[in-house]
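Please walk me through this model in the viewer, one selection at a time. Tell me what to pick next and what is there.

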Amino acid sequence: MSYQFNQIINRQNTHSTKWSKFNPQTLPFWVADMDIAAPDFVMDPIRERLEHPIIGYTDEPESLTEAFSDWLEHHYQWQVPAHWIVWVPGVVPMLNLAARTIAPDGQLLVPTPVYYPFLRLAENAGITDLQIPLTATKNARGLWQMDFDAMEAALTPATQMMVICNPQNPTGRCYSRAELSALARFIEKHNLLLVTDEIHCNILLSPDARHYPIAGLFPEIADRTISLYAATKVYNIPGLTCAAAIIPNAQIRKKFTQAKAGLLPGISPLSYVASEAAFRDRTDWVAQLMQHLRQNLADLSSAVGDRLSPIQATYLAWISIKDLALEDPESYFARAGLGISPGAQFGDPDFIRFNFGCPQSTLHEGLDRLKKALNDAPRAY
Ligand SMILES: Cc1ncc(COP(=O)(O)O)c(C=O)c1O
């Protein structure tokens, strides 16, 4: 079956966060949702559930946990017992809960640039963090990578936890087996807990990219990890928040279950059925979507050339504007008819983030505007 990703779907009047932020003439390429319909095999169970007129509080279906652990086994040969899995209404709440389990004098290690909620975790939890830049300079292919020397030098006795995102938003890195092995040794050596957000795991664009769940690959560190997954990114149902935290260690799991009680809302029954259908997917919908995104990435790459960081995963492009003298890049590009995310939000003002998860014609219109805006911008040097 051939799926269609180029249909223009009008999202005005849906209160879409993406489409409401800028004026109607501006094309939005910022927040990480796609202008692409979720597949019918995810939408149909929602429609079926709506046949019942009562949307009451709903327990976690065992079948969802089963679907998720089958999915982990199918894709990553990772066998995860059901009792390791804690369902939460979103990855971001889980990241914040994780930070809140750190002692008040504790410290969080955060490689940057990174998805902006990571940068607020410490402040929200009333602790401090160490934000250590990834480096794009040591790898021959210009890929961003974790700077273990800098992280090691920055660590203090108070550092208790490290939070990472793999694949990485916004740089598009998908860490290699060797890097994850180095990371596993690093967190063991320094007695850290690792929280790893793997929500973009199945949005792999480069043929040599492969996702490895670090806790599955290195069972020796599983006890000190919390791995976060959700079906909401790749199937484009981020409004139906539902995420899984895999917590092998019983004590840590208990801490989390207690920390979330009364704070987090329950998960919607519509989110449960949609996520379950997504985890049960064995069609080639995702593979076809990847073909579409690869083509979009190729077009983007032709438009912006070597401004683009090499991207292995995600539908988010990290584009250098280091040579431009822009005081407020978000406003500058908005005036050019483009809604982008300024890099400063992620911890690096020399870049902008551009979401290319959209139909081709939307992208092409956006790229025309982007090329012109980049050409017209004042130069810093
Ligand atoms: C790396 C990453 N983690 C988490 C989220 C959001 O997750 P949730 O909506 O489940 O809180 C996003 C959304 O863009 C993301 O890019």
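This is a predicted model: local features need pLDDT of at least 70, side-chain atom pairs count only at pLDDT 80 or more; totals for chains, interfaces and linings use all residues.

Select the shell: 15 residues surround the ligand. Ala32, Gly90, Val91, Val92 and Asn169 are the closest.

Next, colour by domain. The assignment gives domain 1 as 17-39 + 284-376 and domain 2 as 62-280. Their C-alpha centres lie 25 Å apart. Now pick out the contact between them: domain 1 supplies 26 residues and domain 2 supplies 32.

Stay on the domain 1 side. Two elements give two or more residues there: helix 11 (285-304) and strand 9 (316-320). Which element gives the most to this side? Helix 11 does, with 5 residues. By class, the side of domain 1 that touches domain 2 divides into 16 nonpolar, 6 polar and 4 charged residues.

Show the 7 strands in the order 2-8-7-6-5-3-4. The sheet is open, and its pairing is mixed. Strand 2 (85-88) and strand 4 (128-133) are the edges, each pairing on one side only. Look along the sheet for the twist, which averages 20° from one strand to the next.

Zoom in on strand 3 (residues 107-112) and strand 5 (residues 159-165). They pair in the parallel sense over 3 bridges.

Last stop: select helix 4 (residues 91-100). Helix 4 lies across strand 2, strand 3, strand 5, strand 6 (193-197), strand 7 (225-229) and strand 8 (243-246). Compare directions with strand 6: helix 4 runs at about 170° to that strand.

Note on methods
Residues are numbered from 1 along each chain as its sequence is written. A residue is near a molecule or strand if its C-beta atom, placed from the backbone, lies within 6 Å of it. Domain bounds come from an automatic or database domain assignment. Two residues are in contact if their C-beta atoms, placed from the backbone, lie within 7 Å. Helices (H or I, at least four residues) and strands (E, at least two) are DSSP runs, numbered from the N terminus. Ala, Val, Leu, Ile, Met, Phe, Trp, Tyr, Cys and Pro count as nonpolar, Asp, Glu, Lys and Arg as charged, and the others, Gly among them, as polar. Two strands pair if DSSP finds at least two bridges between them. Axes are lines fitted to C-alpha atoms, for helices over the stretch in contact, and angles run from 0 to 180 degrees between N-to-C directions.
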